[in-house]
Amino acid sequence: MPRPKKKKTTPKGSIKTKKPAKPTKKRKPVSKVKATAKKKTAKKKKTSAKVKTFIVSKKTPQLLRGFKDILPTEQKYWDLIREKINLLARDYSFGRIDLPYLEETSLFIRSVGKETDIVAKEMFSFEDRGGDNVSLRPEATAQVARAYINHGMLNLPQPVKLFYIGPMFRYDRPQSGRYRQFNQFGFEAMGDLHPVLDAQMVILSYNFFKELGLDVNIQINSIGCAECRKEYKIQLVNYYKTQKTHLCDDCKERLTKNPLRLLDCKEEKCIAISEDAPQIVDWLCDECKNHFVKVLEFLDEPEIPYNLNPRLVRGLDYYTKTVFEIWPVSEGKKAQNAIGGGGRYDNLIEMLGGRPTPAVGVAIGIERTILQLKEAEIEVPEKEAPDILIAQLGEAAKRKCLVLYENLREEGIKVAECFSKDGLKNQLDIANKLGVKFTLILGQKELSEETILLRDMEGGVQETINYNKAIKEVKKRLGIN
Ligand code: HAM
């Protein structure tokens, strides 16, 4: 019921001063605002492009759950990983592709699969202001396939080998190693069906971790082609039907919607049931079987260790034939969080409207790799320290040092400064913390005599040198020509 409006009254004899400040409106809790916004959308679906107004909280904004900042102290891990990725790409001849973060939702429905957890439960999807259904990318293989078609890469020499690095978005339940925004790098080779390429994806992934000093466990399987899976799925469903009452709720649903995924359920009781399930390798057609045998032979030759895992099926619908995952050795046989995964996807490009084009690839999670590096206490090189610091005393010296700083930089010398600081002790403390080899000190006296002090930070010895010869002297001491 609307409240009756109160009449405005001015008490008799009171002096009218300024208008009293309007009382601030009582703020609705955010949940109510959301609920109201939802109701309105339901009522006016057709005008959903209208701007909605939300009351902005005055609390300090916090990170969203499952999202994180990567602070400077963490960057050494990221630098190391990026460096390794670039080297791998150079050595195995992959060209970099940068893809947008937002795509038509249908791209992922058609590729990753409507019934997969990623599409059914984890996508950040919304209608944009123009009414298009778009999603933040949950993975990039589908995008690479789209780009292959869009840019006519079919006309390039095959296979086309591309790699990417960047953030992916999945509305997963956040926990250690599982985020809603996380970073992957991936390698994809399109336009060639040779099994050596499947093996090469495993080899380069294995080498990436080995070169970082991490021990990993490669799990590999073949899930065949649509033909071999047809009969296998019937056998699988028949087996699982006999166990239906013991299955978790998700698996009961998988039984009708996505039977292959019954095999990689992480629930203890379902794992036990999967032990006796029929194995896909026994149902592979000759072509798929031969392909798989060749992949394994190509892995045996360079002695890449792997485990044949008949229950490995992967959580994305586009795979055919070879599938593999990289598990951290520390997590043993039932790894919940693979650090990488990939496989062959021979039908994807055709499914998206391109010509039939076989392809294979892998993606590795960067955050999960960093967790492994930390867990294994692997030393990661610190950012390159500067060689020299400029310290200055007084305004005139500060001005002159600004120019000296730029001149040193131009000469390729790694130089640091602390121009906002005064006082020599303070500045020498900073020099020590940074671990520089020398500090150049310019004070009033040196300024008037056109000299500068060069302090060797290790021995603490200080020399006066001609200001105009400072750069030459520093270069000499640092062994720079
Ligand atoms: P995926 O197995 O879904 O495969 O993801 C690959 C890797 O991304 C995982 O092994 C994991 O390291 C990381 N990852 C996935 N979800 C999360 C998360 N919520 N938080 C942190 N890290 C996560 C793919 O995405 C396929 N596109 C791989 C591929 C490339 N297949 C063929 N080519």
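How far does a polar side-chain atom of R314 lie from an oxygen atom of the ligand? The answer is 2.9 Å, bearing in mind that this is a predicted model. Once the ligand sits in place, the protein covers 96% of the 660 Å² of accessible area that the ligand has on its own.

**Around the ligand**
- The shell holds 26 residues, and those that come nearest are E139, T141, Y179, E188 and Y319.
- E139 also puts a polar side-chain atom 2.6 Å from a nitrogen atom of the ligand.
- D172 has a polar side-chain atom 3.4 Å from a nitrogen atom of the ligand.
- By residue type, the shell splits into ten nonpolar, nine polar and seven charged.

**Helix α13**
- α13 runs over residues 395-410, and its length checks out: at 1.5 Å a residue, its 16 residues should span 22 Å, which agrees with the 23 Å between its end C-alpha atoms.
- Buried residues in α13 are A397, K398, C401, L404, Y405 and L408.
- As for the spacing, an α-helix has 3.6 residues a turn, so residues three or four places apart point the same way.
- On the strand side, the buried residues of α13 pack against β12 (388-392), β13 (415-417), β14 (438-442) and β15 (451-456).
- Their helical packing partners are α15 (444-449) and α16 (470-478).
- Just past the end of α13, G412 adopts a positive phi of about 80 degrees.

Conventions:
Residues numbered from 1 in each chain as written. Predicted model: local features only at pLDDT ≥ 70, side-chain atom pairs only at ≥ 80, totals over all residues. Heavy atoms only, no water. Near = heavy atom within 4 Å. Polar contact = N/O pair within 3.5 Å; in protein donor to acceptor, adjacent residues only side chain to side chain. Areas by Shrake-Rupley, 256 points an atom, 1.4 Å probe, with all protein chains shown as cover. Nonpolar A, V, L, I, M, F, W, Y, C, P; charged D, E, K, R; others polar. Helix = DSSP H or I, 4+ residues; strand = E, 2+ residues; numbered from the N terminus. Expected span 1.5 Å × (residues − 1). Buried < 20%, exposed > 50% of the residue type's maximum accessible area, 1.4 Å probe, protein only. Contact = heavy atoms within 4.5 Å.
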